[in-house]
Amino acid sequence: MRVPLVAGNWKMHKLIRESVEMVEALIPLVKNASGVEIVVCPPFTALSAVGQALQDSNIEQGAQDVFSEPEGAFTGAISVPMVLDTGSRWAIVGHSERRRVFRESDALLNEKLLAALDGGLKVMFCIGETLEEREAGEMEHVLERQLTNGLQSVPADQTGALVIAYEPVWAIGTGVNAEPNQAEEAHAFVRGILAQQLGQTTADGIRILYGGSVKPSNAAELMAQENIDGSLVGGASLNANDFAEIVLAAT
Ligand code: PGA
């Protein structure tokens, strides 16, 4: 019922030529993958070129962020129509690096999410606790706050375009992934919160991706968990062979 999704978040890596080379290598490796959705999220500068290169492939493209206003005096910002214009169908909203490095608040992320969904983008909305929060026993509280504030006012008829990514901050880029049972516990909790907010049927249909040091060696075990419906991959998505292996682990 929930088709697994594997997405690559390239972060601030790869020039245009390198980005196109990456997907040209990836396309043949995953062209026969069935029963899984595949998304790559290159940097903004490469979206147009990669979008072209992905035409006629089974890989969709996403932006790593998007602003809440459709146009205007917002220096440096990229709008939903601009993202769509590059051939992208997805946006990541609320990545922990946006939350921390760029100090994006729950309220701003809610505005971005609503604008992206309303504008016709599918969204991977990221949540996750820091190590300090986990050690202080605040994981559930943090996830609940991020979901309650972040998903506020999402229209019922747009939840089909919403994917949640649970990314414990302590697992991102550290090589230390959450143990599969540890991740499953958080995912089940997240689904419970979604059920409270959106109703059980809707919650059961929303994919919850795991992110944080996913690699070919741990992907299958993580994605085999009942409430883990795919992964959002950072470092390992920069290499076509590694990313393809993770995609195939989801099938
Ligand atoms: P990582 O990053 O796979 O490099 O840990 C995941 C993410 O930040 O989405």
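**Ligand contacts and helix packing**

A backbone N or O atom of S213 lies 2.7 Å from an oxygen atom of the ligand.

Trainee: OK, so what kind of model is this?

Mentor: A predicted one.

Trainee: Back to the ligand. How many residues surround the ligand, and which are the closest?

Mentor: There are 13 around it, and the closest are K11, H95, E167, G173 and S213.

Trainee: What does G173 do there, in terms of distance to the ligand?

Mentor: A polar backbone atom of G173 sits 2.6 Å from a ligand oxygen.

Trainee: And where is the backbone of G235 relative to the ligand?

Mentor: One of its backbone N or O atoms is 2.8 Å from an oxygen atom of the ligand.

Trainee: Switching to helices. How do α7 and α8 pack?

Mentor: Helix α8 covers residues 180-198, and its axis is 10 Å from that of α7, at an angle of about 40°. That angle makes α7 oblique to α8.

Trainee: Is that crossing left-handed or right-handed?

Mentor: Right-handed for α7 and α8. From α7, the contact uses M139, E140, L143, E144, L147 and T148. From α8, it uses A186, F189, V190, I193, L194, Q196 and Q197.

Trainee: How do the residues of that α7 and α8 contact divide?

Mentor: Into eight nonpolar, three polar and two charged.

Trainee: What about α5 against α7, how do those axes cross?

Mentor: Helix α5 is residues 106-119 and helix α7 is residues 139-150; their axes come within 8 Å and cross at roughly 45°. That makes α5 oblique to α7. The α5 and α7 crossing is right-handed.

Trainee: Which residues meet there?

Mentor: D106, N110 and L113 from α5 meet R145, Q146, N149 and G150 from α7. By type, the contact of α5 with α7 has one nonpolar residue, four polar and two charged.

Trainee: Last pair: α10 and α11. Where do those helices run, and how do they cross?

Mentor: Helix α10 spans residues 216-223 and helix α11 spans residues 240-249, with axes that come within 9 Å and cross at roughly 20°.

Trainee: Why do α10 and α11 count as roughly parallel?

Mentor: Because angles under 35 degrees are classed that way, α10 and α11 are roughly parallel to each other. Their crossing is right-handed.

Trainee: And which residues make that contact?

Mentor: P216, A219, A220 and M223 of α10 meet D242, E245, I246 and A249 of α11. Those divide into six nonpolar, no polar and two charged.

Conventions
Residues numbered from 1 in each chain as written. Predicted model: local features only at pLDDT ≥ 70, side-chain atom pairs only at ≥ 80, totals over all residues. Heavy atoms only, no water. Axes fitted to C-alpha atoms, helices over the stretch in contact; angles between N-to-C directions. Helix = DSSP H or I, 4+ residues; strand = E, 2+ residues; numbered from the N terminus. Parallel < 35°, antiparallel > 145°, perpendicular 65-115°, else oblique. Left-handed = near helix turned anticlockwise from the far one by under 90°. Contact = heavy atoms within 4.5 Å. Nonpolar A, V, L, I, M, F, W, Y, C, P; charged D, E, K, R; others polar. Near = heavy atom within 4 Å. Polar contact = N/O pair within 3.5 Å; in protein donor to acceptor, adjacent residues only side chain to side chain.
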